[in-house]
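Hi there,

Here is the model I promised to pass on.

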Amino acid sequence: MEKERTALWRLKKRVRSHRRAFAAAAAAALAFSLAAGCIWQRAGTGQEGVDGRDAQDSEKVRTEQGERGKESGAPGDGARDLLAGGSAGRLTYQVRQRAERYAADDGADIFQLRLSWPVLSGTSEGIERINLFFEEWAQGKLEEYEEDAESTRQSALEVYRESRDAGWAGPWGEEYQVGSVGACRDYVSVLLDSYLYEGGAHSMPYREDYAFRISDGERMELEDMTERSKREWRVLLRDRFLQKIGEGRASDYYVDAEEILRTAQLEESGYYFTDTGIVFYLPPYTVAPYSTGYVEVEIPFEEARIK
């Protein structure tokens, strides 16, 4: 178990140290509409890409640079005006993708990369600031890949050089997907799912989540959006996660899972909005093995006390 947790820590460090720039760009023709109130849309899982074609074909994404397909559900000017207030109308977004393949000196593919992030429709200051945040997020990832000598891309190259004569099991790869976009009142949450493959039996999952105030684009913390304090969230989440474990199969969790929860800073857990509440999650290897996946509990919006 300690070995698994160490592996997770190393994964997080490596994911955050990505460098290299993605050369090809494509605006995916994926539009999602969110109705008024507290609303949510789970994005695609990577099975659809540009114009609905198979997004697993990285070469296809690279050659469709900047091409847009038909937009379904795109808001008119009226919907954009409603978005300016952040609490009514339809919140619509597209998914932008940038991808690149990396090769060794002999031309062998060693790493395949893809970034996806949401682009919200609208012209209000808040919407534009949120979109700018994700543009800078993507650029930051690219710069990390370019500058970091310890990036996963560089690790793949080193392993390739050491193992190509014995048989290269690559290429390695990583993909960021837009997992979900949810809105409640004047807030929007974005969940980004990442999958890192290093030639093993399965990929390693990783998540990044962000919350914003729609009206001005400011980043939000959990306590900023709710009338609960950090201490209240810690107590509530500990109870719900303990309940989750107590109702599950013992084999799905570590034997010391309950002990871990009693000392964990659960108010700092990752979270995202659904149409009914806020889902909080613990990554694999936190209180459970990889096979269990993310351990999640949902707190209804009413109980969360959204401001």
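This is a predicted model: local features need pLDDT of at least 70, side-chain atom pairs count only at pLDDT 80 or more; totals for chains, interfaces and linings use all residues.

Let me begin with β8 (270-273) and β9 (277-282), which pair in the antiparallel sense over four bridges. Here two strands count as paired if DSSP finds at least two bridges between them, and the elements are DSSP runs numbered from the N terminus: helices are H or I of at least four residues, strands E of at least two.

Residues are numbered from 1 along each chain as its sequence is written, and side-chain values use heavy atoms, with hydrogens and water left out.

In a regular strand, side chains alternate between the two faces of the sheet. β8 is covered on both faces: Gly270 and Tyr272 on one side, and Tyr271 and Phe273 on the other, are all buried (under 20% relative accessible area, with a 1.4 Å probe and protein chains only).

Now the cores, meaning sets of buried Ala, Val, Leu, Ile, Met, Phe, Trp, Tyr and Cys residues joined through side-chain atoms within 4.5 Å. The largest nonpolar core has 30 residues, and Trp233, Leu237, Phe241, Leu261, Ile278, Phe280 and Val287 have the most contacts inside it. Elements giving it two or more residues include α7 (230-247), β8 and β9; α7 provides the largest share, six residues. Apart from this core lies another, of 23 residues, among them Tyr93, Leu115, Ala183 and Leu192.

Strand β5 (residues 172-184) has 13 of its 13 residues buried. With strand β4 (residues 109-120), β5 pairs in the parallel sense over four bridges, and arginine 114 stands opposite glutamate 175 in β5. With strand β6 (residues 187-197), β5 pairs in the antiparallel sense over eleven bridges; valine 178 has leucine 192 in β6 as its bridge partner. The β5-β6 hairpin has two residues between its strands, and arginine 185 in the turn has a positive phi of about 55°.

Finally, helix α4 (residues 125-147) has 23 residues and should span 33 Å at 1.5 Å a residue, which agrees with the 32 Å between its end C-alpha atoms (the expected span is 1.5 Å times one less than the number of residues). Its buried residues include Phe134, Trp137 and Tyr145.

Best wishes

Definitions and conventions
Buried means under 20% relative accessible area, exposed over 50%, partly exposed in between (1.4 Å probe, protein chains only).
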